[in-house]
Structure formats: C-alpha cells, structure tokens
Amino acid sequence: MSDLEAGYILAVWALPYIGAALSLALGRLEKIRDYVAVLFLFLSALSSTLVLKDFLATGESFHLSYPWIPSVGIDLSMRIDGLSAVMGFVVAWLCFLIGFYSLKYMEGDPGLTRYWFFFDFFTGSMLLLVLAGDLITMFIGWEGTGLASYALIGHWYTDEEERWVGDPGRTALGIPMYFTPSHSGVRAIVFTRLGDVGMIAGIATIYALTGSFSLEVLAENPSLWVNPLLAKGALLIFLISFSLGAMAKSAQFPFHEWLVTAMTGPTSVSALIHAATMVKAGVYFMLRFVPIFYAASVAIAAASPVFHQYFVFMAYIGAFTAFLMATQALVARELKLILAFSTASQLGYMFLGAGAAGLLHEVAEGFFATFSHLVSHAVFKAALFLAAGAVIHAVESRFMDDAGGLARYMRLTFLSMLLAALSLSGVPPFMGFWSKDSVLEVAHTAGLLLPYALGVVTAALTAFYSIRFVALTFLREESE
C-alpha cells in the first residue's frame with residue numbers, strides 16, 4: 001500500500017473530525033462556519049471514492065495499523081475490503097448530501113455551531129466504525145455515533161410543542177405517548193447504551209481468550225475463542241450478548257422505541273440517523289461478523305448446534321421487528337413518524353437476511369441480499385426524509401392532516417417522494433424490489449418459513465402505508 005492510499009483511508013474519517021473542530025473555531029463567522037463544515041464532508045466523500053476506486057482496481061483487501069497502546073496490544077487499525085469500501089462510500093456521500101441540504105433547511109437556527117459540530121463529529125465516528133480493523137477502533141466510532149446522536153436528536157432542547165413527536169396529551173395505560181426533544185435524546189442514548197453493555201462484555205471475553213482485538217485473529221483462529229466458550233456452555237450467551245449492541249443500535253425488538261421518538265430532531269438529523277448511518281451500524285456489525293461466525297460454525301458443526309440456534313434467533317428477531325413496526329406505521333398520523341416505523345421495519349428485514357445467511361451453504365448469498373437492502377434502503381429512505389422535511393417546512397406541521405393537495409404546488413418533491421415510496425414498497429423495477437425479494441428468498445431457502453411468511457405480510461403492509469402517506473400528503477383534497 002502506498003503512502004497516498006494510506007492517506008486517503010485516514011482522510012475518509014479524519015476530515016469530518018477536522019470539520020467539526022473548525023465549526024467550533026469559526027462559530028462567530030456563520031456563513032463560513034456552515035460552508036466549511038459541509039466542505040470537509042465533501043472532501044471526505046471524495047476520499048471515500050478514491051479508496052473504493054483503489055480497492056476495485058486491485059480487488060485485494062488491505063490493512064492499515066498504527067500502534068496506540070502497545071502494552072495491551074491496542075492499535076488504531078483500518079481494514080479495507082469490499083464491505084468497508086462500499087459502505088464507507090455510501091455513508092460519506094449521503095452524509096455530505098444531507099449536510100448540503102442542511103445549509104438551507106437549518107438556515108437561521110440559533111444552535112447551528114452545535115449542530116455542525118455534532119453533525120461532522122457523527123460522520124467521522126460512523127466512518128471510523130465502518131473502516132475499523134479491530135474491535136477497539138470500531139467501539140470508539142460506535143460510541144462516538146451514540147454521543148453525537150444524543151445531541152442531534154435533542155438539538156431543540158428547549159422543547160417547544162411543535163418540536164415534539166406524538167399527539168400532545170395522548171396517553172396509553174396512563175403512559176404519555178408524546179415526547180420532547182430533550183427526553184428523546186436521553187431515551188436514545190440510554191436504549192443504545194443498554195445494548196452496548198453486552199457488546200463490551202463480548203469484546204472483553206474475546207480479548208481474554210485470544211489476547212487480541214484484531215478482527216483477523218478472530219476470523220483466522222476461531223478455536224481460540226469458540227472451544228473454551230463451548231466447553232463452558234457459554235457460547236450462545238456470548239454470541240447473543242455480543243450482538244446486543246447491534247440489536248439496540250439498529251432498533252430491533254425490544255430496543256426499538258428509541259428510534260421512533262428520535263423524530264424530535266430536525267428532519268436533516270432524521271435523514272442522517274435513519275438513512276445510511278447510525279441505525280445501519282448494527283446491520284454493518286452483523287455483516288462484519290456473520291461470515292466469521294459462519295466459518296466458526298463450520299469448524300464445530302459436528303460438535304454443537306449453538307451457531308445454528310444463534311442465526312435462527314437473529315432471523316426471528318428481525319422478522320418480528322419488521323412486522324411489528326409495519327403495523328404501527330399503518331395508523332400513524334405524523335409523516336416522519338411513519339418513516340421512523342418504516343426504518344425499524346426495514347432494519348428487521350436486514351437482520352432477517354443476516355440471520356438467514358448463516359444458515360445457508362453459500363453464506364455469500366445471504367450476505368449480498370442483506371447488504372443490497374442496506375444500500376437501497378439508505379438511498380430511498382434518505383430521499384423520503386428530505387422530501388418530508390420540505391413538506392413539513394411548507395405546511396408548518398408534522399401531521400399529515402394539515403397537508404393535502406401538495407402535488408400541484410410541490411411537483412418535484414411529490415415526484416421524489418413517490419419514486420422513493422415505490423422503492424420502499426418493493427415495486428419493480430425499483431431497487432427496493434430486488435433487494436427485499438433477495439432477503440425473502442434467502443429466508444425461504446434457509447427454511448425459515450415463519451419469518452419468511454412474516455416478511456411477505458410485512459411487504460404488503462409496507463406497500464399499503466407507503467401509498468397511504470403519499471396519497472394523504474399530496475393527492476387528497478387540500479386541508480383548510
């Protein structure tokens with residue numbers, strides 16, 4: 001690897017951090033601050049393009065490592081392979097485009113210095129997570145996204161009613177069904193940190209058994225960690241505990257509630273968190289580790305069914321989450337709230353695909369299906385949220401009841417939302433059809449008949465609520 005290639009890799013995640021620092025330093029120069037923050041996102045996106053180009057040119061994975069705490073074997077390491085190169089490209093460009101959208105959408109907001117700092121900090125942390133070559137580097141990025149999401153979700157911490165999510169005054173079983181930005185920010189960090197406790201325990205277990213945090217050591221020497229855990233009857237507990245952070249980050253049942261109330265943040269933040277970034281971190285975790293777990297399962301197939309049980313468990317969790325969230329999207333009145341339920345539902349599909357992948361003879365088939373749906377969802381869901389932001393800005397309300405008849409006034413927004421909704425619904429020839437169909441196919445091939453059936457029903461529910469929110473927002477009679 002040349003020094004220039006190494007520089008590109010470092011630039012992908014380091015440039016947003018630099019942009020975050022500069023946005024603080026330039027806080028009083030408002031226009032310069034805003035454009036500098038977006039400029040560094042753009043430079044990061046360009047760097048990710050060059051990294052992907054270099055990978056595609058050689059087709060070879062490569063590793064970059066710098067000693068950090070040698071006494072305990074902790075390095076700052078980057079790993080570039082097909083997964084990290086493509087994922088980094090998608091994340092960097094979507095973050096830049098959402099940041100560019102924010103220039104106008106957030107114009108005049110009194111907290112813009114804070115907004116741009118955490119926006120760029122979030123982007124850098126997510127890219128560090130994606131490019132990480134060891135568990136410690138990944139965990140630093142992982143926690144960075146959690147910290148920044150807390151600040152971005154609670155950006156409007158003064159809690160004016162128009163910033164809430166849910167119907168003011170509505171309760172269920174005596175529990176309020178409306179949430180303020182400051183409350184929602186706390187919910188997000190608490191829910192995701194609960195899962196992270198299990199992830200930390202998993203990382204500590206791996207280090208205790210292997211003496212390393214390296215992903216390569218974990219993959220190439222499964223006997224170092226599988227056999228001791230299997231002998232103690234703790235392998236299944238370890239696998240589920242290690243994956244709890246991914247389940248919480250990607251809002252799988254029972255950690256799903258934080259994602260819904262996160263709608264109190266600005267729409268640009270909703271697009272950032274719900275598109276290719278934070279909520280996809282859990283799916284990325286699964287895609288990174290399912291091949292490792294699969295290889296380990298092959299090595300001990302005759303000795304234990306534990307890995308099979310783990311993959312089935314994750315598939316069932318994903319299928320149930322997809323179905324549960326889709327049913328709630330059917331009756332929601334707020335445009336962003338429907339999209340939030342939809343995000344959690346589609347993340348369920350991805351967990352279903354990741355779980356099914358581990359049960360197939362060709363794990364790559366399930367891997368490709370899950371990753372394809374991740375990428376397609378990132379693009380069409382970002383478009384849906386950004387279009388929703390334009391609608392909310394135009395009608396000055398988050399409720400669809402206050403919209404209606406907008407197709408004649410917001411033609412480009414209507415077209416953008418319609419095309420993205422068709423992809424979400426799985427209508428051919430849009431990408432959402434092919435990626436969702438691939439996930440359902442691998443679930444069926446893996447013999448997961450109940451999760452497969454839930455996935456098919458959820459696809460029908462998705463089409464219904466997608467048509468519903470487009471029709472209520474753009475096609476019905478104008479509200480008074």
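What is the volume of the second largest pocket?

1. The second largest pocket has a volume of about 390 Å³. A pocket here is an open set of points on a 1 Å grid over the protein atoms alone, where a 1.4 Å probe fits, with protein on both sides within 12 Å along at least five of seven lines; lining residues have an atom within 4 Å of a point. Its lining comprises 17 residues, and those nearest the centre are Arg-170, Met-177, Gln-328, Leu-337 and Phe-341. Helices H10 (257-261) and H14 each give two or more residues to this lining, with the largest share, 3 residues, coming from H10.

2. The model is predicted: local features need pLDDT of at least 70, side-chain atom pairs count only at pLDDT 80 or more, and totals for chains, interfaces and linings use all residues. Residues are numbered from 1 along each chain as its sequence is written, and side-chain values use heavy atoms, leaving out hydrogens and water.

3. The largest pocket holds about 510 Å³ of space. Of its 23 lining residues, Tyr-105, Trp-156, Glu-162, Arg-163 and Ile-392 are the closest to the centre. H14 and H15 each supply at least two residues of this lining.

4. Strands E1 (residues 62-69) and E2 (residues 74-80) run antiparallel and are joined by 7 bridges; strands (E, at least two residues) and helices (H or I, at least four) are DSSP runs, numbered from the N terminus, and two strands pair if DSSP finds at least two bridges between them. Phe-62 has Ile-80 in E2 as its bridge partner. Within the hairpin, which has 4 residues between the strands, Gly-73 takes a positive phi near 70°.

Terms used. Points joined across faces, edges and corners; volume = space filled by probe spheres on them.
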